[in-house]
Amino acid sequence: MPLIAGIDIGNATTEVALASDDPQARAFVASGIVATTGMKGTRDNIAGTLAALEQALAKTPWSMSDVSRIYLNEAAPVIGDVAMETITETIITESTMIGHNPQTPGGVGVGVGTTIALGRLATLPAAQYAEGWIVLIDDAVDFLDAVWWLNEALDRGINVVAAILKKDDGVLVNNRLRKTLPVVDEVTLLEQVPEGVMAAVEVAAPGQVVRILSNPYGIATFFGLSPEETQA
């Protein structure tokens, strides 16, 4: 029997509903639900979509070849207010927001400051130590080296407020730091995060969700935006 599949990709779950594809006697057949794979609105969602579809079909005598039509919701990435409830890490630089939900976030809290490459900490003028610094660490740096440089900078009095890693080393780095920081990892497009710009990073505690940077008012407060600037 021909089937119609309706698929809803959400921030947390991907759901599928199957119905008979008969205009004269259309009826619900089965459903499936799995955790959304990847960020909503990206190609990573495909794996979860197929898994949910296969789960629903497993409850019926039919197979994938019987699905004649698929209706998919508009799964654009959501980056504002309560729609980011299931995101555990957020980075904001200039007008760009990166939100993702890795399995191993490190640290906790919110850090607001200027982005700087790890290697530039060694030559940072003492007059700038007190400013907030968000350190960018690419995948060429071993996590032990990253920890050494971060702790060395903290010992010198540099106000490191957060770290952004390209590799999946968030927990390894966080567990060895002398100060608890929001440590964002698995940022595969780290090279697109510019240096020398104001940025904000938030990492939620285990079992929690980001609350400040998912709220437009929280963003405006941290960046000191005026009412006119928030409307720009």
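Reader: Which residue in S8 is the bridge partner of Ile116?
Author: The partner of Ile116 in S8 is Val135. Helices and strands here are DSSP runs, numbered from the N terminus, where a helix (H or I) has at least four residues and a strand (E) at least two. This is a predicted model, in which local features need pLDDT of at least 70 and side-chain atom pairs count only at pLDDT 80 or more, while totals for chains, interfaces and linings use all residues. Residues are numbered from 1 along each chain as its sequence is written, and side-chain values use heavy atoms, with hydrogens and water left out.

Reader: In what sense do S7 and S8 pair, and over how many bridges?
Author: S7 and S8 pair in the parallel sense over 4 bridges, and two strands are said to pair if DSSP finds at least two bridges between them. Strand S7 (residues 109-117) also pairs with strand S11 (residues 198-203), in the antiparallel sense and over 6 bridges. On the S8 side, 5 bridges join S8 to S9, and these strands run parallel.

Reader: What does Val135 pair with in S9?
Author: In S9 the bridge partner of Val135 is Ala163. As for S9 itself, 6 of its 6 residues are buried, so the strand is mostly covered, where buried means under 20% relative accessible area, exposed means over 50%, and partly exposed is in between (1.4 Å probe, protein chains only).

Reader: Going back to S7, is Thr114 buried or exposed?
Author: Thr114, which lies in strand S7, counts as buried because its relative accessibility is 15%. Its bridge partner in S11 is Met198. Leaving out residues up to four places away in sequence, Thr114 touches Gly132, Trp133, Ile134, Gly196, Val197 and Met198, with contact meaning heavy atoms within 4.5 Å.

Reader: How far apart are the C-alpha atoms of Thr114 and Trp133?
Author: They are separated by 4.9 Å, although the two residues are 19 residues apart along the chain.

Reader: New topic: which residues touch the most other members of the largest nonpolar core?
Author: That core has 23 residues, and the ones touching the most other members are Leu118, Leu121, Val135, Ile137, Leu150, Ile158 and Val160. At least two residues of this core come from each of strand S8 (133-137), H2 and strand S9 (160-165), and H2 gives the largest share, 6 residues. A nonpolar core is a set of buried Ala, Val, Leu, Ile, Met, Phe, Trp, Tyr and Cys residues joined through side-chain atoms within 4.5 Å.

Reader: What is Ile158 in contact with?
Author: Apart from neighbours within four places in sequence, Ile158 is in contact with Leu121, Leu124, Tyr129, Trp133 and Ala153.

Reader: And where is Asp155, and is it buried or exposed?
Author: Asp155 belongs to helix H2 (residues 143-155), and it counts as exposed because its relative accessibility is 54%.

Reader: What about H1, which of its residues are buried?
Author: In H1 the buried residues are Asn45, Gly48, Thr49, Ala52, Leu53, Ala56 and Leu57. What covers them includes strand S1 (3-9), strand S2 (13-20), strand S3 (28-35) and strand S4 (67-72). An α-helix has 3.6 residues a turn, so residues three or four places apart point the same way.

Reader: In what order do the strands of the open sheet come?
Author: The open sheet of 4 strands has the order S3-S2-S1-S4, with mixed pairing. S3 and S4 stand at the edges with a single partner strand each, so one side of each has no neighbour in the sheet. S1 and S4 run parallel and are joined by 5 bridges, and the partner of Ile4 in S4 is Arg69.

Reader: One last thing, what is the phi of Glu186?
Author: Glu186 has a positive phi of about 60 degrees, although it is not a glycine. Glu186 sits in the loop between strand S10 (183-184) and S11, and it counts as partly exposed because its relative accessibility is 29%.
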